Amino acid sequence: MLAFSLFIASIVSVYSMLLPTYLSTFSGLSLQQAMKINSYSSIIFVAASLIAGICYNILGKKMLISIILIINILSFYSFNNYDKLDIQNIQVLQLIILFLVGIICGRLPVIIASFFPQNVRYSGIAVCYNLAFGILGGLSPILILSLTSFTNILTIPAIFILIFSIPALIFFIKSNGKFITTYNQWR
């Protein structure tokens, strides 16, 4: 479960906190343009989270695995081409990616809550969420920007997301779908 929380923390921190600075530093966009793209993408992210929360029974294990793989593919494409794309293409790409991220984040509360038995549910949620977002969410923008500046490898954010998506994919594959499809299966 911690693997899935770390994956969520990595994509949320990259696409919401890091991206405006990254775009203004490495793609030639102004900070104002990058913040505008980030604002629109955040609205789509929230809407997708709400949609995923409402339609929780449709989003099963195969759908979540597919979304994780699509996010990785789009991440490599986008971070490899940000310096070549115009602002409209960057904005469309970000809206698509954050829509997919929002779908995964909309499923997060149900997955975490149903993974732990009722007597340790709050402790389990606290450990997974706080470790992932407290440590990884806070350190990743600094770490990614430093590595990208030092190595001049523009796909470092995509590699970072890939590193945390592999354990999340293993978690979903090994979970046998026991807690992903319905909330009441652990009772």
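Which residues make the nonpolar surface patch of about 430 Å²? They are Leu-2, Val-127, Leu-131, Ile-135 and Leu-139. A patch here is built from residues with over 30% relative accessible area and no salt bridge, joining like charges within 9 Å and nonpolar side chains (Val, Leu, Ile, Met, Phe, Trp, Tyr) within 5 Å. A salt bridge is a Lys or Arg side-chain nitrogen within 4 Å of an Asp or Glu carboxyl oxygen. Areas are Shrake-Rupley, 1.4 Å probe, and for residues only the protein chains shown count as cover.

This is a predicted model: local features need pLDDT of at least 70, side-chain atom pairs count only at pLDDT 80 or more, and totals for chains, interfaces and linings use all residues. Residues are numbered from 1 along each chain as its sequence is written, and side-chain values use heavy atoms, without hydrogens and water.

Back to the patch. Helix α5, residues 121-151, gives the largest share, 4 residues; helices are DSSP runs of H or I, at least four residues, numbered from the N terminus. Leu-2 sits in helix α1 and is partly exposed at 35% relative accessible area, where buried is under 20%, exposed over 50%, and partly exposed in between.

Last, Ile-153 lies in the loop between α5 and α6 and is partly exposed, at 38%.

Conventions:
Helix = DSSP H or I, 4+ residues; strand = E, 2+ residues; numbered from the N terminus. Buried < 20%, exposed > 50% of the residue type's maximum accessible area, 1.4 Å probe, protein only.
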